[in-house]
Amino acid sequence: MGPRKLVMLLVMAVIICGIHNADGWRRRRRRRRSCPVINCTVGGWSTWTPCSAPCGNAGTQSRSRPITMQAQCGGSCPHALQVNRPCNRDGCNGHGTPLSTSCQCNPGWTGTCCQNDINECAANNGECTHTCHNTAGSYTCSCNPGYNLSNGKSCIDIDECLDNSNVCGTLQCSNTPGSYICSCHVGYIQDGNSCYDIDECYNNSHGCAQMCENTEGSYNCICSTGYQLAVDGHSCTEI
Ligand SMILES: [Ca+2]
Ligand SMILES: [Ca+2]
């Protein structure tokens with residue numbers, strides 16, 4: 001065999017070998033293509049975490065789920081593994097103003113979320129003159145009978161004698177704190193709702209030096225002939 005034939009044989013061997021190797025590569029490639037592409041699988045969602053704030057405007061909570069099988073053969077994992085959502089937004093009692101994780105309370109309320117009523121009556125009786133009533137978010141004052149509430153806090157005595165001039169009928173009306181008294185004028189005695197003249201001459205309360213004359217509501221002292229009534233209205237002096 002000459003050198004020329006030897007070269008030809010070598011070239012042919014290289015070509016055959018190349019074709020053979022190309023077949024193997026194609027087969028390997030087909031094997032790789034036949035590996036099934038599998039995406040990941042995920043488990044069920046967890047329960048929601050506690051909210052990050054009890055109220056306000058920034059509370060969030062989340063839930064998650066695990067990957068139960070990783071992706072294979074070039075697969076992907078397109079599932080969300082955690083989601084967030086807002087929670088406990090606002091939630092300010094008593095129309096409070098939401099801050100990030102708490103509330104700014106209106107008067108009468110306190111607490112992180114303004115959930116607690118302030119008992120205004122606990123301090124200085126709520127500045128009520130008489131009775132303080134605590135209410136949710138506020139308070140009120142009330143007065144004992146015979147008084148009117150003024151400016152929501154003060155109790156002012158009612159002057160029954162002025163407001164109702166007939167409250168005592170024909171009797172004399174005297175205003176008192178929280179009430180009033182019906183009484184007879186000086187010289188009269190009360191019996192029920194009526195007043196009767198006191199007979200000072202009869203009951204000997206007159207104090208006249210000599211004689212006594214009863215009058216309606218009063219009495220006069222009288223002196224015998226030869227005497228005159230002194231300036232004190234009771235004594236008698238010789239003329
Ligand atoms: Ca209150
Ligand atoms: Ca009164």
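Leu171 sits in the loop that runs between helix H2 (160-163) and strand E13 (172-176). The model is predicted, and Leu171 counts as partly exposed because it has 18 C-beta neighbours inside 10 Å. The protein as a whole has 2 helices and 20 strands, and buried residues make up 13% of its 239 residues.

**Leu171 and its surroundings**

- Leu171 and Ser183 are 12 residues apart along the chain, and their C-alpha atoms are separated by 5.6 Å.
- Beyond its neighbours within four places in sequence, Leu171 is in contact with Cys182, Ser183, Cys184, Asn193 and Cys195.

- Ile189 stands opposite Tyr196 in E16.
- The hairpin has 2 residues between its strands, and Gly192 in the turn has a positive phi of about 70°.

**The EGF-like region**

- The UniProt annotation "domain: EGF-like", from an unreviewed entry, covers residues 117-156.
- Over residues 117-156 the chain is 45% strand and 0% helix.
- The end C-alpha atoms of residues 117-156 are 29 Å apart.

**Cys141**

- Cys141 lies in strand E10, which covers residues 138-142.
- What makes Cys141 count as buried? It has 22 other C-beta atoms within 10 Å, and the cut-off for a buried residue is 20 or more.
- Cys141 and Cys121 are 20 residues apart in sequence, with 9.2 Å between their C-alpha atoms.
- Not counting residues up to four places away in sequence, Cys141 touches Gly126, Cys128, Thr131, Cys132, Leu149, Gly152 and Lys153.

- Strand E11 (residues 147-150) and strand E12 (residues 154-157) run antiparallel, with 4 bridges joining them.
- Leu149, one of the residues that Cys141 touches, stands opposite Cys155 in E12.
- In a regular strand the side chains alternate between the two faces of the sheet.
- The hairpin of E11 and E12 has 3 residues between its strands.
- Asn151 lies in the loop between E11 and E12, and its phi is near 45°, a positive value in a residue other than glycine.
- Is Asn151 buried or exposed? Asn151 counts as exposed, because it has 8 C-beta neighbours inside 10 Å.

**The nonpolar core and Cys113**

- Which residues form the largest nonpolar core? The core has 8 residues: Ala53, Cys55, Cys92, Cys103, Cys105, Trp109, Cys113 and Cys114.
- Leaving aside neighbours within four places in sequence, Cys113 is in contact with Pro54, Cys55, Gly91, Cys92, Asn93, Ser102 and Cys103.
- Among these contacts of Cys113 are Cys55, Cys92 and Cys103, which are also listed in the core.

**Two other loop residues**

- His95 is found in the loop between strand E4 (82-86) and strand E5 (97-98).
- His95 is not a glycine, yet it has a positive phi of about 60°.
- His95 counts as exposed because it has 11 C-beta neighbours inside 10 Å.
- Gly207 is in the loop between E16 and strand E17 (211-215).
- Gly207 and Ser235 are 28 residues apart in sequence and 8.7 Å apart in space, taken from C-alpha to C-alpha.

**Contacts across the chain**

- Among contacts between residues at least 6 apart in sequence, 33% join residues at least 24 apart.

**Confidence**

- The average pLDDT of the protein is 89, and 86% of the residues score at least 70.
- Where pLDDT is low, the predicted coordinates should not be read in detail.

Methods: Residues are numbered from 1 along each chain as its sequence is written. Chains are lettered from A and ligands numbered from 1 in the order in which they are written. This is a predicted model: local features need pLDDT of at least 70, side-chain atom pairs count only at pLDDT 80 or more; totals for chains, interfaces and linings use all residues. A nonpolar core is a set of buried Ala, Val, Leu, Ile, Met, Phe, Trp, Tyr and Cys residues joined through C-beta atoms within 7 Å. A residue is buried if 20 or more other C-beta atoms lie within 10 Å of its own, exposed if 12 or fewer, and partly exposed in between; C-beta atoms are placed from the backbone. Two residues are in contact if their C-beta atoms, placed from the backbone, lie within 7 Å. UniProt positions are given in the numbering used here, feature names are shortened, and annotations may be inferred rather than shown by experiment. Two strands pair if DSSP finds at least two bridges between them. pLDDT is the predictor's confidence in each residue, from 0 to 100.
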